[in-house]
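Hi everyone, thanks for making time.

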Amino acid sequence: MRIAIFTLMRLGPSLAYAIASTFILSMLLLESYPSSASVWWLHMTILPVMREPIYLLLSVPGIGIWSATVLLMLASIFGIRVALQPQRHYRSGFIHAHIALIATGLTMGRAAVAQADLSAFAMPQLQRGDWSFLPLSYSPLGTVLFISVFLACVCCHVTIIKRTMSFR
């Protein structure tokens, strides 16, 4: 029972990558069917959760919408393999989970926006409150996703600590 629970916990990053690829596919569906209410619902449900990571991924030179979709699908499939064999792929699982944690963490915080202003020092000033974390009730999907990826990171740390302790 404990092994099954840990396996489900390690599937969190795969879920994050699958939702990210679904968001890209919803953008493509929105382009093809702009009047479909269900496509808009899908896009607007995932938008608050995956907007920043996907736009950041798409801003990398050479990565288009199709290559990003394939990359995210492959990352999700790789995560399933890592979750099923954690002792064999503990380093890869660590990196896989923590990249997903950083990506989902982008949605929990707001980036600061510098605005130009005439002041005594002629320096841009940050708007007050821009670095505050969004409340967890902002997006239930984002909250569930962040917690599941966080638990996968904890599982990776536990695996590495147990492995280190066994070699002593």
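Predicted model: local features only at pLDDT ≥ 70, side-chain atom pairs only at ≥ 80, totals over all residues.

Residues are numbered from 1 along each chain as its sequence is written, and side-chain values use heavy atoms, with hydrogens and water left out.

So how confident is the predictor? pLDDT is its confidence in each residue, from 0 to 100. The protein chain averages 80, and 82% of the residues score at least 70. Helix H2 has the highest confidence, with a mean of 93, while strand E1, residues 114-115, has the lowest at 36. Please keep an eye on residues 110-137, where pLDDT stays under 50.

Now the fold. Going by DSSP runs numbered from the N terminus (helices are H or I with at least four residues, strands are E with at least two), the chain has six helices and two strands. From the N terminus you walk through α-α-α-α-α-β-β-α. Of the 168 residues, 35% are buried; that means under 20% relative accessible area, with exposed being over 50% and partly exposed in between, using a 1.4 Å probe and protein chains only. Contact here means heavy atoms within 4.5 Å. Among contacts between residues at least 6 apart in sequence, 69% join residues at least 24 apart.

On to the core. In soluble globular proteins, nonpolar side chains tend to be buried together. A nonpolar core is a set of buried Ala, Val, Leu, Ile, Met, Phe, Trp, Tyr and Cys residues joined through side-chain atoms within 4.5 Å. The largest one here has 24 residues, and Phe23, Met50, Ile54, Leu72 and Leu145 have the most contacts inside it. Helices H2 (12-32), H3 (37-58), H4 (65-84), H5 (90-108) and H6 (140-166) each give two or more residues to this core. H2 supplies the largest share, seven residues. Who does Leu72 touch? Leaving out residues up to four places away in sequence, Leu72 touches Tyr17, Ala20, Ser21, Ile24, Ile54 and Leu57.

Next, aromatics. Rings of Phe, Tyr and Trp (its six-membered ring) pair if their centres lie within 6.5 Å; planes under 30 degrees apart are stacked, over 60 edge-to-face, and the rest tilted. A search of the whole structure finds one pair. The rings of Phe23 and Tyr55 have centres 6.5 Å apart and planes at 55 degrees, so the pair is tilted. Phe23 sits in H2 and Tyr55 in H3, so the pair ties together parts 32 residues apart in sequence. Phe23 is buried, at 0% relative accessible area, whereas Tyr55 is partly exposed at 42%.

Last, two single residues. Glu52 is in helix H3 and counts as partly exposed at 32% relative accessibility. Beyond four places in sequence, Glu52 touches Leu106 and Thr107. Glu52 and Thr107 are 55 residues apart in sequence, yet 6.5 Å apart C-alpha to C-alpha. Ile80 lies in helix H4 and is partly exposed too, at 40%. With neighbours within four places set aside, Ile80 is in contact with Leu11 and Ser14.

That's my tour; over to you.

Definitions and conventions. pLDDT = per-residue confidence, 0-100.
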